[in-house]
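Have a look at the structure first, then read on.

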Amino acid sequence: VIDGTEQKALFITGKSHCDRSADDCGGGGLSQYRVVQYLCQSEYAEYGGSAKFFFRGIRLFWADVFETDDAAAADQTEDSAEAAGTESSAASGDTVTIGFAQVGHESDWRTASTDSCLSVFSADNGYDLQFVDCDNDSAVQLEAVRGFIEQDVDYIIIDPIVSTGWDTVLTECEEAGIPVIVIDRTIDDSDKYVSWVGSNFKTEGLAAGEWLKAYTGAKGISDVNVLVIEGSTGASATIGRTDGFKEIADANGWNILDSQTGDFTQAGGQEVMESYIKSYEGKFNVVVCQNDNEAFGAMDAMKAAGISYGVDGDVILVSFDACTAGLEYVMSGDINADFECNPLAAPFVEEVIKQLQAGETPEKEVYMTEHWFVNEDVLSTINVNGEDQDLTVVTKEIVDAQY
Ligand code: AHR
(Lines give C-alpha, C1' and ligand atoms only; values in the text may rest on other atoms or scores of the structure.)
Protein backbone atom coordinates (compact mmCIF):
# COMPACT_ATOMS: atom_id res chain seq x y z
CA VAL A 1 0.00 0.00 0.00
CA ILE A 2 1.50 3.30 -1.06
CA ASP A 3 -0.12 6.55 0.02
CA GLY A 4 -3.21 4.62 1.08
CA THR A 5 -3.62 2.98 -2.34
CA GLU A 6 -3.25 -0.72 -2.89
CA GLN A 7 -0.66 -1.40 -5.62
CA LYS A 8 -0.41 -4.50 -7.82
CA ALA A 9 2.81 -6.15 -8.87
CA LEU A 10 3.82 -8.52 -11.64
CA PHE A 11 6.41 -10.98 -10.38
CA ILE A 12 8.43 -12.63 -13.10
CA THR A 13 9.81 -15.73 -11.49
CA GLY A 14 12.57 -18.18 -12.42
CA LYS A 15 12.85 -21.95 -12.73
CA SER A 16 15.82 -24.10 -13.59
CA HIS A 17 15.28 -24.12 -17.34
CA CYS A 18 13.54 -21.51 -19.40
CA ASP A 19 10.73 -22.76 -21.60
CA ARG A 20 10.03 -19.23 -22.79
CA SER A 21 6.64 -19.24 -21.15
CA ALA A 22 5.45 -15.81 -20.14
CA ASP A 23 6.22 -16.09 -16.45
CA ASP A 24 9.37 -18.19 -16.37
CA CYS A 25 12.69 -16.42 -16.83
CA GLY A 26 14.88 -19.45 -16.14
CA GLY A 27 17.51 -20.02 -13.47
CA GLY A 28 20.54 -18.75 -15.28
CA GLY A 29 19.61 -18.36 -18.92
CA LEU A 30 17.21 -15.67 -20.02
CA SER A 31 16.95 -12.62 -17.85
CA GLN A 32 13.72 -11.12 -16.59
CA TYR A 33 14.31 -8.33 -19.03
CA ARG A 34 14.15 -10.79 -21.91
CA VAL A 35 10.96 -12.36 -20.58
CA VAL A 36 9.30 -8.97 -20.68
CA GLN A 37 10.69 -8.58 -24.16
CA TYR A 38 9.10 -11.93 -25.01
CA LEU A 39 5.77 -10.59 -23.75
CA CYS A 40 6.18 -7.60 -26.02
CA GLN A 41 6.83 -9.91 -28.94
CA SER A 42 3.80 -12.14 -28.35
CA GLU A 43 0.69 -10.73 -26.69
CA TYR A 44 1.81 -7.19 -27.42
CA ALA A 45 3.38 -7.69 -30.79
CA GLU A 46 2.00 -4.43 -32.12
CA TYR A 47 4.36 -2.70 -29.72
CA GLY A 48 7.36 -4.03 -31.47
CA GLY A 49 9.19 -6.58 -29.39
CA SER A 50 12.07 -4.17 -29.24
CA ALA A 51 13.62 -3.05 -25.98
CA LYS A 52 12.56 0.41 -27.03
CA PHE A 53 8.99 -0.62 -26.15
CA PHE A 54 9.95 -2.28 -22.91
CA PHE A 55 7.99 0.04 -20.63
CA ARG A 56 5.04 0.25 -22.97
CA GLY A 57 4.87 -3.55 -22.98
CA ILE A 58 4.83 -3.66 -19.19
CA ARG A 59 2.17 -0.97 -19.01
CA LEU A 60 -0.18 -2.77 -21.42
CA PHE A 61 0.47 -6.13 -19.81
CA TRP A 62 -0.32 -4.59 -16.46
CA ALA A 63 -3.52 -2.96 -17.67
CA ASP A 64 -4.70 -6.10 -19.45
CA VAL A 65 -3.84 -8.77 -16.91
CA PHE A 66 -5.10 -6.81 -13.94
CA GLU A 67 -8.06 -5.45 -15.90
CA THR A 68 -7.35 -1.92 -14.91
CA ASP A 69 -6.23 1.09 -16.83
CA ASP A 70 -4.49 2.41 -13.78
CA ALA A 71 -1.07 2.26 -15.39
CA ALA A 72 0.05 5.70 -14.33
CA ALA A 73 3.06 4.43 -12.45
CA ALA A 74 4.31 2.51 -15.46
CA ASP A 75 3.66 5.54 -17.65
CA GLN A 76 5.64 7.72 -15.31
CA THR A 77 8.56 5.33 -15.32
CA GLU A 78 8.46 5.23 -19.09
CA ASP A 79 8.41 9.01 -19.39
CA SER A 80 11.26 9.63 -16.99
CA ALA A 81 13.35 6.87 -18.52
CA GLU A 82 12.80 8.25 -22.01
CA ALA A 83 13.66 11.73 -20.78
CA ALA A 84 16.89 10.43 -19.35
CA GLY A 85 17.55 8.51 -22.57
CA THR A 86 18.44 5.40 -20.59
CA GLU A 87 15.47 3.10 -20.87
CA SER A 88 17.04 -0.28 -20.21
CA SER A 89 19.35 0.83 -17.39
CA ALA A 90 16.50 2.63 -15.68
CA ALA A 91 14.33 -0.48 -15.97
CA SER A 92 16.61 -2.46 -13.76
CA GLY A 93 18.11 0.10 -11.42
CA ASP A 94 21.70 0.68 -12.44
CA THR A 95 21.98 -2.56 -14.36
CA VAL A 96 24.11 -2.25 -17.48
CA THR A 97 23.16 -4.67 -20.24
CA ILE A 98 26.03 -6.12 -22.27
CA GLY A 99 26.01 -8.51 -25.21
CA PHE A 100 29.22 -10.51 -25.63
CA ALA A 101 29.84 -12.45 -28.85
CA GLN A 102 32.65 -14.82 -27.83
CA VAL A 103 34.68 -16.78 -30.41
CA GLY A 104 33.89 -20.24 -28.97
CA HIS A 105 35.40 -22.69 -26.51
CA GLU A 106 38.33 -24.06 -28.52
CA SER A 107 41.15 -23.65 -26.01
CA ASP A 108 42.25 -23.19 -22.39
CA TRP A 109 42.92 -19.57 -23.29
CA ARG A 110 39.33 -19.12 -24.45
CA THR A 111 37.99 -20.60 -21.21
CA ALA A 112 40.12 -18.15 -19.22
CA SER A 113 38.84 -15.26 -21.36
CA THR A 114 35.20 -16.30 -20.90
CA ASP A 115 35.62 -16.81 -17.14
CA SER A 116 37.18 -13.37 -16.84
CA CYS A 117 34.19 -11.74 -18.60
CA LEU A 118 31.63 -13.74 -16.62
CA SER A 119 33.18 -12.76 -13.31
CA VAL A 120 33.67 -9.07 -14.13
CA PHE A 121 30.27 -8.60 -15.81
CA SER A 122 28.29 -10.47 -13.17
CA ALA A 123 24.84 -9.62 -11.81
CA ASP A 124 26.49 -8.88 -8.45
CA ASN A 125 28.59 -6.22 -10.16
CA GLY A 126 25.48 -4.64 -11.69
CA TYR A 127 25.56 -6.18 -15.16
CA ASP A 128 23.14 -8.22 -17.22
CA LEU A 129 25.49 -10.13 -19.54
CA GLN A 130 24.02 -11.80 -22.62
CA PHE A 131 26.75 -14.31 -23.54
CA VAL A 132 26.86 -16.08 -26.92
CA ASP A 133 29.43 -18.81 -27.61
CA CYS A 134 29.75 -18.57 -31.41
CA ASP A 135 31.51 -21.94 -31.76
CA ASN A 136 34.06 -20.54 -34.20
CA ASP A 137 31.35 -19.79 -36.76
CA SER A 138 31.49 -16.27 -38.25
CA ALA A 139 27.86 -16.38 -39.43
CA VAL A 140 26.72 -17.19 -35.89
CA GLN A 141 28.82 -14.32 -34.58
CA LEU A 142 27.25 -11.77 -36.95
CA GLU A 143 23.81 -13.10 -36.03
CA ALA A 144 24.65 -12.75 -32.31
CA VAL A 145 25.63 -9.11 -32.76
CA ARG A 146 22.41 -8.42 -34.66
CA GLY A 147 20.50 -10.13 -31.83
CA PHE A 148 22.13 -7.76 -29.34
CA ILE A 149 21.02 -4.79 -31.49
CA GLU A 150 17.46 -6.20 -31.42
CA GLN A 151 17.66 -6.45 -27.64
CA ASP A 152 18.91 -2.87 -27.49
CA VAL A 153 21.71 -3.74 -25.07
CA ASP A 154 23.79 -0.90 -23.65
CA TYR A 155 27.15 -2.18 -24.93
CA ILE A 156 28.36 -4.92 -27.28
CA ILE A 157 31.65 -6.78 -26.79
CA ILE A 158 33.01 -8.69 -29.78
CA ASP A 159 35.98 -11.05 -29.91
CA PRO A 160 36.12 -11.33 -33.71
CA ILE A 161 36.64 -14.86 -35.04
CA VAL A 162 38.06 -13.40 -38.25
CA SER A 163 39.46 -9.92 -38.82
CA THR A 164 37.40 -8.92 -41.87
CA GLY A 165 33.74 -8.67 -42.91
CA TRP A 166 32.73 -6.35 -40.07
CA ASP A 167 31.89 -2.94 -41.51
CA THR A 168 28.19 -3.57 -42.28
CA VAL A 169 27.24 -4.92 -38.88
CA LEU A 170 29.34 -2.32 -37.05
CA THR A 171 27.50 0.36 -39.03
CA GLU A 172 24.24 -1.20 -37.80
CA CYS A 173 25.53 -0.98 -34.20
CA GLU A 174 26.48 2.63 -34.77
CA GLU A 175 23.06 3.45 -36.21
CA ALA A 176 21.42 1.81 -33.19
CA GLY A 177 23.60 3.96 -30.92
CA ILE A 178 25.24 0.96 -29.23
CA PRO A 179 28.96 1.33 -28.48
CA VAL A 180 31.07 -1.68 -29.50
CA ILE A 181 34.19 -2.77 -27.64
CA VAL A 182 36.46 -5.27 -29.41
CA ILE A 183 38.63 -7.63 -27.37
CA ASP A 184 41.54 -9.97 -28.11
CA ARG A 185 41.57 -10.35 -31.92
CA THR A 186 41.41 -7.27 -34.11
CA ILE A 187 38.92 -6.02 -36.69
CA ASP A 188 40.92 -4.85 -39.68
CA ASP A 189 38.29 -3.57 -42.11
CA SER A 190 36.33 -1.12 -39.97
CA ASP A 191 37.02 1.39 -37.23
CA LYS A 192 33.41 1.70 -36.07
CA TYR A 193 34.15 0.56 -32.55
CA VAL A 194 34.99 2.54 -29.45
CA SER A 195 38.00 0.60 -28.15
CA TRP A 196 40.00 -2.54 -28.72
CA VAL A 197 41.67 -4.34 -25.80
CA GLY A 198 44.05 -7.16 -26.70
CA SER A 199 47.50 -8.45 -27.58
CA ASN A 200 50.11 -7.52 -30.13
CA PHE A 201 50.18 -10.84 -32.00
CA LYS A 202 52.95 -9.80 -34.36
CA THR A 203 55.16 -8.98 -31.38
CA GLU A 204 54.39 -12.44 -29.95
CA GLY A 205 55.53 -14.02 -33.24
CA LEU A 206 58.63 -11.84 -33.37
CA ALA A 207 59.47 -12.79 -29.77
CA ALA A 208 59.19 -16.50 -30.58
CA GLY A 209 61.51 -15.99 -33.56
CA GLU A 210 64.04 -13.93 -31.61
CA TRP A 211 64.08 -16.51 -28.82
CA LEU A 212 64.64 -19.35 -31.31
CA LYS A 213 67.47 -17.40 -32.94
CA ALA A 214 69.19 -16.76 -29.59
CA TYR A 215 68.52 -20.31 -28.30
CA THR A 216 69.79 -22.15 -31.39
CA GLY A 217 72.80 -19.81 -31.34
CA ALA A 218 73.52 -20.63 -27.69
CA LYS A 219 73.14 -24.38 -28.35
CA GLY A 220 75.22 -24.34 -31.53
CA ILE A 221 72.34 -25.49 -33.77
CA SER A 222 72.91 -24.08 -37.27
CA ASP A 223 70.38 -26.07 -39.30
CA VAL A 224 66.86 -24.89 -38.38
CA ASN A 225 64.01 -26.82 -40.03
CA VAL A 226 60.61 -25.70 -38.83
CA LEU A 227 57.07 -27.04 -38.94
CA VAL A 228 54.39 -24.49 -38.00
CA ILE A 229 50.92 -25.42 -36.75
CA GLU A 230 48.89 -22.28 -37.30
CA GLY A 231 45.77 -21.10 -35.48
CA SER A 232 42.39 -20.55 -37.12
CA THR A 233 42.53 -19.17 -40.65
CA GLY A 234 41.62 -15.48 -40.89
CA ALA A 235 42.05 -14.83 -37.15
CA SER A 236 44.31 -11.86 -36.42
CA ALA A 237 46.08 -13.97 -33.76
CA THR A 238 47.12 -16.39 -36.51
CA ILE A 239 48.04 -13.67 -39.00
CA GLY A 240 50.17 -11.72 -36.49
CA ARG A 241 52.04 -14.73 -35.06
CA THR A 242 52.69 -16.12 -38.55
CA ASP A 243 53.99 -12.79 -39.88
CA GLY A 244 56.18 -12.07 -36.85
CA PHE A 245 57.82 -15.49 -36.76
CA LYS A 246 58.29 -15.61 -40.55
CA GLU A 247 60.05 -12.24 -40.50
CA ILE A 248 62.76 -13.65 -38.22
CA ALA A 249 62.84 -17.01 -40.06
CA ASP A 250 63.40 -15.28 -43.41
CA ALA A 251 66.06 -12.98 -41.99
CA ASN A 252 67.98 -15.99 -40.66
CA GLY A 253 67.52 -18.33 -43.62
CA TRP A 254 65.55 -20.95 -41.68
CA ASN A 255 63.69 -23.56 -43.61
CA ILE A 256 59.94 -23.48 -42.91
CA LEU A 257 59.00 -26.93 -44.21
CA ASP A 258 55.23 -26.48 -43.82
CA SER A 259 52.61 -24.27 -42.15
CA GLN A 260 49.04 -25.55 -41.77
CA THR A 261 46.08 -24.71 -39.57
CA GLY A 262 45.30 -26.71 -36.43
CA ASP A 263 42.36 -24.38 -35.67
CA PHE A 264 43.66 -23.57 -32.17
CA THR A 265 42.44 -26.98 -30.89
CA GLN A 266 44.20 -30.00 -29.37
CA ALA A 267 42.55 -32.35 -31.90
CA GLY A 268 43.62 -30.04 -34.74
CA GLY A 269 47.22 -29.89 -33.46
CA GLN A 270 47.40 -33.68 -33.18
CA GLU A 271 45.93 -34.26 -36.64
CA VAL A 272 48.29 -31.79 -38.36
CA MET A 273 51.31 -33.18 -36.48
CA GLU A 274 50.40 -36.77 -37.46
CA SER A 275 50.29 -35.76 -41.10
CA TYR A 276 53.56 -33.77 -40.76
CA ILE A 277 55.26 -36.85 -39.27
CA LYS A 278 54.20 -38.90 -42.31
CA SER A 279 55.67 -36.30 -44.69
CA TYR A 280 58.67 -34.93 -42.80
CA GLU A 281 59.89 -37.53 -40.27
CA GLY A 282 63.63 -37.07 -39.65
CA LYS A 283 63.65 -33.72 -41.52
CA PHE A 284 62.50 -31.26 -38.81
CA ASN A 285 64.00 -30.09 -35.53
CA VAL A 286 61.56 -27.30 -34.51
CA VAL A 287 57.76 -27.35 -34.12
CA VAL A 288 56.00 -24.03 -33.54
CA CYS A 289 52.38 -24.37 -32.35
CA GLN A 290 50.35 -21.17 -32.32
CA ASN A 291 48.63 -22.07 -29.05
CA ASP A 292 49.04 -24.41 -26.09
CA ASN A 293 46.23 -26.76 -27.02
CA GLU A 294 47.75 -27.41 -30.43
CA ALA A 295 51.06 -28.09 -28.65
CA PHE A 296 49.35 -30.70 -26.43
CA GLY A 297 48.03 -32.43 -29.57
CA ALA A 298 51.42 -32.22 -31.29
CA MET A 299 53.10 -33.77 -28.21
CA ASP A 300 50.64 -36.69 -28.31
CA ALA A 301 51.39 -37.26 -32.00
CA MET A 302 55.20 -37.11 -31.52
CA LYS A 303 55.04 -39.35 -28.46
CA ALA A 304 53.04 -41.94 -30.40
CA ALA A 305 55.61 -41.81 -33.22
CA GLY A 306 58.56 -42.15 -30.80
CA ILE A 307 59.90 -38.65 -31.53
CA SER A 308 61.46 -36.89 -28.53
CA TYR A 309 60.79 -33.20 -27.97
CA GLY A 310 61.42 -30.43 -25.46
CA VAL A 311 64.54 -29.60 -23.47
CA ASP A 312 66.07 -33.09 -23.65
CA GLY A 313 64.59 -34.04 -27.01
CA ASP A 314 65.41 -33.91 -30.71
CA VAL A 315 62.69 -31.37 -31.49
CA ILE A 316 62.46 -27.85 -30.01
CA LEU A 317 58.82 -27.19 -29.14
CA VAL A 318 57.53 -23.60 -29.09
CA SER A 319 54.04 -22.55 -28.03
CA PHE A 320 51.85 -19.48 -27.44
CA ASP A 321 49.29 -18.56 -24.72
CA ALA A 322 51.12 -19.69 -21.54
CA CYS A 323 47.95 -20.78 -19.74
CA THR A 324 48.40 -22.96 -16.61
CA ALA A 325 48.65 -26.31 -18.42
CA GLY A 326 51.07 -24.85 -20.98
CA LEU A 327 53.33 -23.52 -18.23
CA GLU A 328 53.26 -26.90 -16.47
CA TYR A 329 54.72 -28.41 -19.65
CA VAL A 330 57.34 -25.64 -19.82
CA MET A 331 58.30 -26.42 -16.22
CA SER A 332 58.58 -30.14 -16.99
CA GLY A 333 60.71 -29.34 -20.06
CA ASP A 334 58.26 -30.75 -22.65
CA ILE A 335 57.71 -27.28 -24.14
CA ASN A 336 60.90 -25.23 -24.52
CA ALA A 337 59.35 -21.76 -24.65
CA ASP A 338 55.82 -20.35 -24.33
CA PHE A 339 54.87 -16.82 -25.42
CA GLU A 340 52.06 -15.40 -23.35
CA CYS A 341 48.79 -14.11 -24.73
CA ASN A 342 46.97 -12.49 -21.81
CA PRO A 343 43.22 -13.40 -21.75
CA LEU A 344 42.24 -11.15 -18.84
CA ALA A 345 40.84 -8.26 -20.87
CA ALA A 346 37.53 -7.92 -19.01
CA PRO A 347 38.72 -5.55 -16.23
CA PHE A 348 40.07 -3.21 -18.93
CA VAL A 349 36.79 -3.43 -20.83
CA GLU A 350 34.94 -2.50 -17.64
CA GLU A 351 37.20 0.54 -17.35
CA VAL A 352 36.27 1.52 -20.92
CA ILE A 353 32.56 1.19 -20.06
CA LYS A 354 32.98 3.30 -16.93
CA GLN A 355 34.69 5.99 -18.99
CA LEU A 356 31.86 5.94 -21.52
CA GLN A 357 29.26 6.13 -18.72
CA ALA A 358 31.12 9.18 -17.39
CA GLY A 359 31.03 10.80 -20.85
CA GLU A 360 34.79 10.40 -21.33
CA THR A 361 36.58 9.18 -24.46
CA PRO A 362 38.49 5.93 -23.86
CA GLU A 363 41.75 4.99 -25.57
CA LYS A 364 41.17 3.47 -29.02
CA GLU A 365 43.74 0.71 -28.37
CA VAL A 366 44.69 -0.92 -25.07
CA TYR A 367 47.53 -3.48 -25.13
CA MET A 368 47.72 -6.28 -22.58
CA THR A 369 50.96 -6.91 -20.68
CA GLU A 370 52.58 -10.25 -21.62
CA HIS A 371 55.61 -12.35 -20.63
CA TRP A 372 57.88 -14.82 -22.37
CA PHE A 373 58.35 -18.11 -20.47
CA VAL A 374 61.18 -20.66 -20.79
CA ASN A 375 62.47 -23.78 -19.03
CA GLU A 376 66.23 -23.27 -19.16
CA ASP A 377 68.31 -20.55 -17.65
CA VAL A 378 70.57 -20.21 -20.71
CA LEU A 379 69.39 -16.75 -21.82
CA SER A 380 68.02 -13.95 -19.69
CA THR A 381 66.73 -11.54 -22.37
CA ILE A 382 65.89 -11.34 -26.05
CA ASN A 383 65.78 -8.27 -28.24
CA VAL A 384 62.32 -7.70 -29.75
CA ASN A 385 61.53 -4.65 -31.89
CA GLY A 386 64.87 -3.17 -30.78
CA GLU A 387 64.04 -3.54 -27.08
CA ASP A 388 65.56 -5.96 -24.56
CA GLN A 389 62.80 -8.09 -23.04
CA ASP A 390 63.07 -10.51 -20.11
CA LEU A 391 62.72 -14.28 -20.34
CA THR A 392 61.07 -15.82 -17.28
CA VAL A 393 62.10 -19.30 -16.11
CA VAL A 394 58.91 -21.06 -15.01
CA THR A 395 58.61 -22.04 -11.36
CA LYS A 396 55.78 -23.69 -9.44
CA GLU A 397 54.80 -20.31 -7.98
CA ILE A 398 54.42 -18.90 -11.49
CA VAL A 399 52.31 -21.87 -12.61
CA ASP A 400 50.09 -21.61 -9.51
CA ALA A 401 49.51 -17.89 -10.07
CA GLN A 402 48.64 -18.25 -13.77
CA TYR A 403 45.08 -18.36 -15.19
O1 AHR B 1 42.77 -15.08 -30.07
C2 AHR B 1 43.55 -15.65 -29.09
C3 AHR B 1 43.82 -17.06 -29.44
O4 AHR B 1 42.60 -17.73 -29.61
C5 AHR B 1 44.58 -17.86 -28.42
O6 AHR B 1 45.94 -17.90 -28.65
C7 AHR B 1 44.03 -19.21 -28.65
O8 AHR B 1 44.31 -20.12 -27.67
C9 AHR B 1 42.61 -18.89 -28.83
O10 AHR B 1 41.84 -19.90 -29.21
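How far does a polar side-chain atom of Glu106 lie from an oxygen atom of the ligand? In this predicted model, the distance comes out at 2.3 Å.

Asp184 puts a side-chain N or O atom 2.7 Å from an oxygen atom of the ligand, and for Ser107 the distance from a polar side-chain atom to a ligand oxygen is 3.0 Å. On its own the ligand has 280 Å² of accessible area, and the protein covers 100% of that.

## Where the ligand sits

The ligand takes up the space of the largest cavity. Two elements give two or more residues each to the shell around it: α5 (108-120) and α9 (236-252).

So who's in the shell? Glu106, Ser107, Trp109, Arg110, Asp184 and Arg185 are among the residues surrounding the ligand, and so are Ala237, Arg241, Phe264, Asn291 and Asp321. Sorted by class, that makes six charged, three nonpolar and two polar residues.

## A look at Ser319

Next up is Ser319, which you'll find in strand β9, residues 316-321. Is Ser319 buried or exposed? Its relative accessibility is 0%, so it counts as buried; the cut-off for that label is under 20%.

Ser319 has a polar partner too: its side chain joins that of Asp292 through a polar contact of 2.6 Å.

Key:
Residues numbered from 1 in each chain as written. Predicted model: local features only at pLDDT ≥ 70, side-chain atom pairs only at ≥ 80, totals over all residues. Heavy atoms only, no water. Near = heavy atom within 4 Å. Polar contact = N/O pair within 3.5 Å; in protein donor to acceptor, adjacent residues only side chain to side chain. Areas by Shrake-Rupley, 256 points an atom, 1.4 Å probe, with all protein chains shown as cover. 1 Å grid on protein atoms, 1.4 Å probe; cavity = no way out; pocket = protein on both sides within 12 Å on 5 of 7 lines; lining within 4 Å. Sits in = over half its atoms within 2 Å of the grid points. Helix = DSSP H or I, 4+ residues; strand = E, 2+ residues; numbered from the N terminus. Nonpolar A, V, L, I, M, F, W, Y, C, P; charged D, E, K, R; others polar. Buried < 20%, exposed > 50% of the residue type's maximum accessible area, 1.4 Å probe, protein only.
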